[in-house]
Amino acid sequence: MTDGLDRRSFLRGGAAAVGGAALGAGGYATWDHVSQQPPPPDLVGRSVEPFRGKRQAGVGTVPQAFATWVAYDLLPGVGREALTRLMRIWTDDIERLTGGRPGLTDSEPELAKVPARLTVTLGYGPGVFTAAGLDRDRPPWLAPLPAFAIDRLEDRWTGGDLVLQICADDRLAVAHAARLLSKEATTFVRTRWTQQGFRASPGATPPGATMRNLMGQVDGTRNPDVRTDAGLIWHDASGPDWLSGGTSMVIRRIAMDLDGWDLVDREGREFTIGRRLADGAPLTGSREHDEPDLGAKDGLGLPVIDMAAHLRRARTADPSARFLRRGYSFHDPGEPAGRQSGLVFVTFQRDVLAQYLPVQQSLAELDLLNRWTIPIGSAVFAIPGGPRSGELLGARLLG
Amino acid sequence: MPRLTWARLAPALAMFLALTACQSSISEPASSTTGDLTMTDAWVKAADSGMTAGFGTLTNTTDHTVTLVSASSPVSPMELHEVVANASGATVMQPKVGGFALPAGSSLTLAPGGEHLMFMTISTPLAPGAEVTFTVRADDDSTWTFTAPVRTFTGAKEDYQSGDSMNGTGDPSNPAPTMTP
């Protein structure tokens, strides 16, 4: 046991070191961070993210390199009491795994010892509220998004009663956690869909660098800052207790027609987005984070940033309608042509209807990028507040 | 659909909520000693009926050997079991002769495929996520009571067949028992 305790404190040191490295490089304006300590040699593998707190990890957490989302359907007969038992199992497993310790029944305990900033974020779909007899507590925004003309949604990427977002800087940690948590839940749920995504690996790009998607674009430049814009993302104590420190998660699977995109030259690609490919700077600026000048005209009197450019259509004039994007690329060669590459577009916002929906409607109505992107999956989940000390995940809803 | 009656489970749930974490809770030993017998990472394999087993790590922090000779639970008669190879090389599960002896300061890990606490015939379904209480007894009549969470587990050929002879670790072709959700 002494060994275990030592290991855990060392792991905590690792997490601190990651945050410290990020701060030292002056990046990560957008994401959470922690204080500085000297890094151990296997920094990435040993690093841990805290599990308990007022908010669940995996939202404001600096995005890890790899993510898997598993959506589940509840089995018939699973109600509030059974859901509580499932929460007891998952809370214990997640607390152990994210701390670098094996699950209680772990058949591969060694795989748990490299957590690599593992986080597991629990979300409830509308079905949980119905199954638990808590429909009156279901927020109005917790429902499928309305159908958009651009959608080509497939059942196999859409909906779900429950979701686990599993993220880590090592894919083995993600795969192990996904398997253990699913295996422990087989009497409560069946898997509805699984999506996997990736971003830049740790150390591959400078800390705080905006990710690039598979179309080559810098993607996610204008993201809220999780510290200064927390009110855009999380609910506070003024609402229902279970949602205090909670948020909502939209998961859209966006397939990219990369073969079609190949036919577009660089100029056409930059025109489509309204940003330069090289550095993500708006076509009216010189650096990525320059404010775009939406009124700027070229020599012919035409807008420099086209009226239908993605940048323009994705912007909201209402600062309270912004939301946090935490997407990952996917590349699944086993999928049909035209469905192999894309983006698992994941957003967190306090209110789906007030924040996500207006922007999504704007993009669905007009966006040059729509010619090469196809939404094929869609799901909305409520993310309960984080587990406080001694508390089960979701306990403040399920009672 | 669920064959478990929730009313029957409610006391177990209430008991769980009273605990601070998903760890074993420990009662006072019957005899006054320095140190104690503790159990960490305890869990019991879910089952609807018949046999099942409990696992975890026992640690003896007393200054003398603790020899556990029996176990009991409100939900089942219990035995202390080991898994050994017989003369023909097959592994067999059998009661541990002399019980589990833990020298002062030592730990004993009970795990699937090894030594374990056997629930011989459960009287109520043990649903995943529920909790089970059991008591172990030493040769000097000291007792310790632990509470362990119930978990789904299909590994290590832990397929116990109710009413079967214990001369085998279970038939892997035997499907896992149907489980209460």
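Student: How many residues does helix α10 of chain A have, and what distance does it reach from its first C-alpha to its last?

Tutor: Please bear in mind that this is a predicted model. A helix can be judged by setting its span against the value expected at 1.5 Å a residue. Helix α10 of chain A, residues 352-365, has 14 residues and reaches 18 Å, close to the expected 20 Å.

Student: Which residues of α10(A) are buried, and which strands do they pack against?

Tutor: An α-helix has 3.6 residues a turn, so residues three or four places apart point the same way. In α10(A) the buried residues are V352(A), Q355(A), Y356(A) and Q360(A). These buried residues pack against three elements of chain A: β5 (247-256), β8 (341-349) and β9 (373-383).

Student: What span does helix α5 of chain A have, and which of its residues are buried?

Tutor: Helix α5 of chain A covers residues 171-183, and its 13 residues reach 18 Å, close to the 18 Å expected. Its buried residues are A173(A), V174(A), H176(A), A177(A), L180(A) and L181(A). They pack against β1 (66-74), β2 (119-124) and β3 (162-168), and also against the helix α3 (80-98), in chain A.

Student: How many helices and strands does chain A have, and why can it be called as compact as a globular protein of its length?

Tutor: Chain A has 11 helices and 9 strands. Its radius of gyration is 21 Å, close to the 21 Å that the globule rule gives for 399 residues, so chain A is as compact as a globular protein of that length. Along its principal axes the C-alpha trace spans about 70 × 50 × 45 Å, and 48% of the residues of chain A count as buried.

Student: In which sense do β4 and β5 of chain B pair, and which residue in their turn has a positive phi?

Tutor: In a regular strand the side chains alternate between the two faces of the sheet. Here, β4 (residues 76-85) and β5 (residues 91-95) of chain B pair in the antiparallel sense over 5 bridges. One bridge joins V84(B) to its partner V92(B) in β5(B). The two strands form a hairpin with 5 residues between them, and G89(B) in the turn has a positive phi of about 90°.

Key: Residues numbered from 1 in each chain as written. Chains lettered and ligands numbered in written order. Predicted model: local features only at pLDDT ≥ 70, side-chain atom pairs only at ≥ 80, totals over all residues. Helix = DSSP H or I, 4+ residues; strand = E, 2+ residues; numbered from the N terminus. Rg over C-alpha atoms; globule rule 2.2 N^0.38 Å. Buried ≥ 20, exposed ≤ 12 C-beta atoms within 10 Å, placed from the backbone. Expected span 1.5 Å × (residues − 1). Contact = placed C-beta atoms within 7 Å. Pairing = 2+ DSSP bridges.
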